[in-house]
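Opening the notebook on a new model today. I want to go through it region by region and write down what I find.

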Amino acid sequence: MDLANFLIQILNSVQYGLLLFMLAAGLTLIFGIMGVVNLAHGSFYMLGAYLAWSLSSMTGNLAVAIVLGAALSVVFGLALEWLLFRHFYKRDHLDQVLLTFGLIYIFEEVRSLLWGDDVHGVEIPSLLSASIPLTDTLSYPVYRLFMSGLCIVLAIGLYLLIARTRLGMKIRAGAFNRDMAEALGINIKLIHAIVFALGVALATVAGMIAAPISSVYPNMGSQVLIMCFVVVVIGGIGSVRGALIAALLVGLVDTFGKVLLPSVAGMLVYMLMAAVLLWKPEGLFRQ
């Protein structure tokens, strides 16, 4: 592998890792703060991809579609939390698993009714369709750099929200001691609704920006869900910082594994997870 190919794989691994972080951050927030095992999280990723396809077809602009889709996902997340999830916070994890597992099938049927079962493609905006030449024969797509940049901006925004704002202080307090936070006057129900909507929005935006390079097809959420759980387990349940580092590690191992060791690439990520859990059973970072 020459330097140009190595650089391309590094960029690919970072881009994939940052995309995984957006998905895993929402998942680890929902589980770490609300205590809900959400198996339907991958369906929000699928929802984002289909929203990108339908909204960009209607508006003719992917950026507008992403903004509209993000707003719709927040409303959808608030409604879903109010209708279903808030009734399961104090229920057993098995009940939560059954609820979210059933939601996967409901979302798939609704997707089939609304958008059909065909595979669709989302056009990359002309402004981002160019490539940056690395050598005479190799180049790197600008759109993938855009994806990485947007993920970094959202990651910084998420950090500032949780660590530097009054809302973030309330979120941390509710995660640390829910009863004491309620006794101090914090509206935990509202905090849970905001956290859930934020998790849904992150997964939806991840699906929207990934749609132009991965296509839009049925059951696409189930493929990313397992990798999200791997990231959450490696990073530590409830830790956003752990999710970021774990996502970048998974992206690096998966990308270079497919290039250098394709025959065993499918096992490498799970071997990484097993090694981390043997070393630190609680994951890289605590909540």
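This is a predicted model: local features need pLDDT of at least 70, side-chain atom pairs count only at pLDDT 80 or more; totals for chains, interfaces and linings use all residues.

Is S215 buried, partly exposed or exposed? I looked it up: S215 is partly exposed, at 30% relative accessibility.

S215 sits in the loop between helix 8 (188-214) and helix 9. I checked its backbone and found a positive phi of about 70°, although S215 is not a glycine. N219 is in the loop between helix 8 and helix 9 too. Its phi is also positive, about 60°, and N219 is not a glycine either. For N219 I get a relative accessible area of 41%, so I filed N219 as partly exposed.

**Entry 2, helix 9 against helix 11.** Next I wanted the packing geometry. Two packed helices are described by the angle between their axes and the distance between those axes. For helix 9 (residues 220-235) and helix 11 (residues 265-279), the axes come within 10 Å and cross at roughly 25°. The angle is under 35 degrees, so helix 9 is roughly parallel to helix 11. The crossing of helix 9 past helix 11 is left-handed.

Which residues meet there? On the helix 9 side I listed I226, M227, V230, V233 and I234. Their partners in helix 11 are V269, Y270, L272, M273, V276 and L277. I sorted the residues of this contact by type and got 11 nonpolar, no polar and no charged.

Skipping neighbours within four places in sequence, I234 touches A246, V250, L272, M273, V276, G283 and L284.

How accessible is T28, in helix 1 (residues 3-34)? The relative accessibility comes out at 0%, so T28 counts as buried. Again leaving out neighbours within four places in sequence, I noted contacts from T28 to I33, V232, G236, I237, G238, S239, V240 and A243. I also took one C-alpha to C-alpha distance: T28 and I171 are 13 Å apart in space and 143 residues apart in sequence.

Last stop was S43, in helix 2 (residues 41-59). S43 has a relative accessible area of 7%, so I put S43 down as buried. Beyond its neighbours within four places in sequence, S43 is in contact with I104 and F107.

Key. Residues are numbered from 1 along each chain as its sequence is written. Side-chain values use heavy atoms; hydrogens and water are left out. Axes are lines fitted to C-alpha atoms, for helices over the stretch in contact, and angles run from 0 to 180 degrees between N-to-C directions. Helices (H or I, at least four residues) and strands (E, at least two) are DSSP runs, numbered from the N terminus. Angles under 35 degrees count as roughly parallel, over 145 as roughly antiparallel, 65 to 115 as roughly perpendicular and the rest as oblique. A crossing is left-handed if the near helix is turned anticlockwise from the far one by less than a right angle, and right-handed if clockwise. Contact means heavy atoms within 4.5 Å. Ala, Val, Leu, Ile, Met, Phe, Trp, Tyr, Cys and Pro count as nonpolar, Asp, Glu, Lys and Arg as charged, and the others, Gly among them, as polar. Buried means under 20% relative accessible area, exposed over 50%, partly exposed in between (1.4 Å probe, protein chains only).
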